[in-house]
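Grab your viewer and let's work through a few salt-bridge exercises. Each one has a task, then a solution in steps.

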Amino acid sequence: NTTIEVIHNTELLGVPNLEVLNIRRNRLLKEIETYVLADTPALRELDISGNALSFLPQSIANLTHLKKLNISDNPWACDCRMFWFASWAESKKHSNLTMSQLSCGPDAYPGDMLPTLQHLNCTKPRIVYKTPTKLYRLKSDALLECRYAANPPPSITWVTPRREVFHWNPDLSIPDIFNKHPLAHDENMTPMRVIPPRIQVLDNGTLWVKNVTRADCGRYTCYASNPIANLTENVLLHIDPTDWNQIRIISLIVGTQSAAGFLGLTLFVQFLRYIFNKFGLLNNFCSFCKRDRVSPRARQIYAMLDNIEQYKSQQLEKLRENYTQQVHRIRDNCAQQMEWIQNSYQSQAKHLKDFRDIGTQHLTTLRGQYCDQVKKVRDYSTTQLNWVRENYVFQRNKIRKFSAHKVLQLRETYKYQQQTLNKVLENLPSLYFENCRAGTCGRAESLVFDPHDIESIDCYIKSKIENLANLDTSTDVTQSKLSLYYTPSERSLTDQKPSTDPLAGIHINYIEDTPRMLMLEGPSTSKHTMLYMDWPTESTKSARSTDDLLQMERRESSVVEIQPSATSPNLPETAKVEINHETSL
């Protein structure tokens, strides 16, 4: 119940650590200015309930430590001056801020403040029209207009080039941010009380300038503001150049007249003085003006003064001549220095140009050398790659020939062993059949071949050995003696003849028919298989070409052991075969 009506911006200055502020039940308190709470950043509790406040100060939004806010029982206007409060209150819903019931007044619906503020159509100022730049005649009137569109309508402030400020508010019931300022004042906030005013703001916010003078031309600032935002525009006022020309002409005329009048007045005074001196009017009527004869002492003084004047004139003349000489000397010296600097600059530029040409030549030479070196390296690399490729082909062919020769030797040895074994078996036929009658022939570890098969194999092996013996190996032996890794030369490459197949045209007999029944038994990891197949007869043998035999050489070689089983006693018709595969060379 105090008599406080307004809390000004500086009332809480000096209490930055204030945490609790209660301003309650003051029915005369109508306003808390905008920046009052900016001096209390540590405020935690604020209670302004029960007052006559119509809008909240916007500095509440800067209280980051606020925990409790009570604004109930106030006749809040809920207009655009509180439009900012809706978004701020929404952002604080999920924080630990406790707010009282938000209503627009004691007679309003509870909790209607935020919906009311959110549905307000408040917009910031937007320029619609401003006076374009014009030329005004002196002593004429000028109207400067800035028209804005906004809700609520903005207040307008004009600032002249002489820093004079004029305020205009379209709705005096809603004070703007300049409500504490005089309607017209200078830059020092001193009110201007000129009656009638030469510059004033009309009822629609237009600035009226009466009797435009030279001091009025320049940039006029039009500042529009409402509770949402503010906007600034500039309007230019210029004087017509015709007036400037007239002012110059009038100035020349007035100056000429003044000079002529002064000259005529001087001549008239001299003429009167001449008349008075000629007729002695001053001597007869004015005893004070009479001149006595000059005494000798005075003459000496006059003569001395004349000498001093002459000496002074002579000294001044000498000083003038000396100054002129010094000026000419300095000018000549400066010209010489400039010429020397120019010559030096030209010589330096020529040297730099020569250096640039020499550098360019060196770069060209280095580029050519680099290209030559790259070409040589590329050629050398190509030669080495060809050499390595030829060496690789030669070594591969040599290894292939050596491998074929070794295979043939192994097969010859194998054939010899088989012949020996067959002879042994031929000499012991009765023992073998007796073992079969006893039921132990299935466990035999020998391999029985048909004599006709052995003869076909002998024919094939002999043909291979003869072809290998007929190969021309003189060149290879001679070159292998020279180097372990033979590198063919250009001459050897040109003299080398294409190799032919040494086995071409050789035909041998082989078993053509395949077994009628095949069964695989045993584990696959050791490549150990069990086969039932039909034993071939002599009528099923035929000849195969050399290419088929070469393909057979590349396949995996097999060691075959035939064991008769108890379930198939007829060995020539059906046999049980066990094949142990070995990887070929």
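Helices here are DSSP runs of at least four residues, numbered from the N terminus. Keep in mind that this is a predicted model.

**Exercise 1.** Find out how arginine 320 and glutamate 317 are placed relative to each other in helix H5.

Solution. 
- Start with the contact: arginine 320 and glutamate 317 form a salt bridge, with 2.8 Å between the closest N and O atoms.
- Now place them: both sit in helix H5 (residues 296-427), and because they are three residues apart, about one helical turn separates them.
- Finally, check accessibility: arginine 320 is partly exposed at 47%, and glutamate 317 is partly exposed too, at 38%.

**Exercise 2.** Work out which parts of the chain the pair arginine 198 and aspartate 216 ties together.

Solution. 
- The closest N and O atoms of this salt bridge are 2.6 Å apart.
- Arginine 198 is in the loop between E13 and strand E14 (199-201), while aspartate 216 is in the loop between strand E15 (207-209) and strand E16 (218-225), so the bridge connects parts 18 residues apart in sequence.
- Buried means under 20% relative accessible area. Aspartate 216, at 2%, is therefore buried, whereas arginine 198, at 26%, is partly exposed.

Technical notes:
Residues are numbered from 1 along each chain as its sequence is written. This is a predicted model: local features need pLDDT of at least 70, side-chain atom pairs count only at pLDDT 80 or more; totals for chains, interfaces and linings use all residues. Side-chain values use heavy atoms; hydrogens and water are left out. A salt bridge is a side-chain nitrogen of Lys or Arg within 4 Å of a carboxyl oxygen of Asp or Glu. Helices (H or I, at least four residues) and strands (E, at least two) are DSSP runs, numbered from the N terminus. Buried means under 20% relative accessible area, exposed over 50%, partly exposed in between (1.4 Å probe, protein chains only).
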